[in-house]
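Keep the structure open as you read.

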Amino acid sequence: MAGQLPMSRFMKGIVAPAIMLASIPQPVLAYSLGHSDPKATGFSAAGLDRVTDFFEDEVRTGRIPGAIVLIQRNDKAAYFEGFGVRDPATKTPMTPDTIFRIYSMTKPVVSVAAMMLVEEGRLALDEPLSTYIPSFANMKVGVERKGVDGKIELELVEADRPITIQDLMRHTSGIVYGFFGADTVNKMYLRAGLFDPLTLSNEEYVERVAKLPLRNQPGTTWDYGYGTDVLGRVVEIVSGQSLYGFLKDRLFDPLGMNSTSFYVADQAKFPMVAEPFPKDRFVSATTGMNDPREPRKWESAGGGLVSTPVDYLRFAQMLLHGGALDGKRYLSPKTVAFMTSNHIGPSTNIKPNAATQNALMGVGYGFGLGFAVRTDPGDSPKIGSVGEFSWLGFAGTEFWVDPKEGMIAIMMTQTMSGQQRIRMRQRFHNLVYGAFEK
């Protein structure tokens, strides 16, 4: 298979974790899971050592319990290291088959699935969402105004145009999460009881979303939200399958993503789930990490998957190779290029919500269909290449693909500390590019 990790070390980590547990002293800061000669992949050994030093320090100082970091360039594994422990309660060290909650790194996967249907002529980006889910016809937009008594009142006005499938994929639908603002509509989303993953089906879930007002007029504002969750329901309706069934048949099984699912069904794999420190499980009294060992009806297209770094590498490799891997094509090269172009550029007149953009992308980035897209070589405090595309997960996971450099980088840890996540992402980015020799 293209770009496989070195088989001897990789398979040792997968098939004999008991040997690793017996041979690795506790506590472990870092150990190699397999990598090539740095020079063969255009990196300096000293530069990659700085990556190791950084993550060792994150573990040593108690910022995170552990992490797995994977860097591939030109289909060669340049760096594949485990740090710390999978679970601070058991002290079990990280292994290549550790399962992480990847939260919003689900969005690129479901966006690819939707674009498969677009390529097949079964779905169109400019179609109204209400074509598939009638509850989204005649949506209202919540606009705050001052009443005669000076108090803020919410006025519901007609949407200027319908929500389209493209709006769902590029976060311009007006559907929000509620986390990135203190206005009335955002508060309504937080209070709507949308998080009931164990009992709500995807169909029931989107019906709850459809009852809420939009935060913005469709097609006017990039504002992060439940749009991709609604897209997942569209995939179900068009394909005639459950979301997981479609993803498994069309992506997970063909790509060999055998540990990627919406929950961990095999009890033997329960101990493989990465856990945070107890203090890092929540960002608020009501918002915390889910338990992926619990069966759930809601297959959240916006943030429900669990996966491993090696599984996600397969998905990223397919994208880097223009939609194909190991002789099988998933998307056309033109479709991948289209998805990873900026869909909220100046010509669209779409304005990002500044608070959301700063928290998730920062300056120097636009957004495509499921991915942040680097648009400027400067601006951002992160070193990188124009055309690089990426996304991240709520609990400390991130990936990016740099087509110019033929590179994929993946970082997986588990922490709900927002500042910690931002800090790690920026440092990791700069350390990787700072390790380039050519």
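Asn-202 has a relative accessibility of 5%, so it counts as buried (buried is under 20% relative accessible area, exposed is over 50%, and partly exposed is in between, with a 1.4 Å probe and protein chains only). You'll find Asn-202 in helix 7, residues 202-210 (helices are DSSP runs of H or I, at least four residues, numbered from the N terminus). Leaving aside residues up to four places away in sequence, Asn-202 touches Arg-233, Glu-236, Leu-243, Lys-297, Trp-298 and Glu-299, where contact means heavy atoms within 4.5 Å.

A quick word on the ground rules. This is a predicted model, where local features need pLDDT of at least 70 and side-chain atom pairs count only at pLDDT 80 or more, while totals for chains, interfaces and linings use all residues. Residues are numbered from 1 along each chain as its sequence is written, and side-chain values use heavy atoms, with hydrogens and water left out.

Two of those Asn-202 neighbours, Arg-233 and Glu-236, also pair with each other: they form a salt bridge with the closest N and O atoms 3.0 Å apart (a side-chain nitrogen of Lys or Arg within 4 Å of a carboxyl oxygen of Asp or Glu). Why are they about one helical turn apart? Because they sit three residues apart in helix 8, residues 227-239. Both Glu-236 and Arg-233 are buried.

Compare that with Lys-248 and Asp-253, which also form a salt bridge, at 3.0 Å between the closest N and O atoms. Here Lys-248 is partly exposed at 31% relative accessibility, and Asp-253 is partly exposed at 40%. Elsewhere, salt bridges that share partners link Asp-57, Glu-58, Arg-60, Arg-63 and Arg-423 into one network. Within it, the side chains of Arg-60 and Asp-57 meet at 3.7 Å, N to O. The whole structure has 21 salt bridges.

Now for the nonpolar side. The largest nonpolar core has 90 residues, and Phe-136, Ile-175, Leu-251 and Trp-391 touch the most other members (a core is a set of buried Ala, Val, Leu, Ile, Met, Phe, Trp, Tyr and Cys residues joined through side-chain atoms within 4.5 Å). Its largest share, eight residues, comes from helix 4, residues 106-119. Apart from it lies another core of 24 residues, including Val-51 and Phe-83.

Finally, look at Thr-172, in the loop between helix 5 (165-170) and helix 6. Thr-172 is buried, at 0% relative accessibility, and its contacts include Asp-167, Trp-222 and Ile-350.

Conventions: Helices (H or I, at least four residues) and strands (E, at least two) are DSSP runs, numbered from the N terminus.
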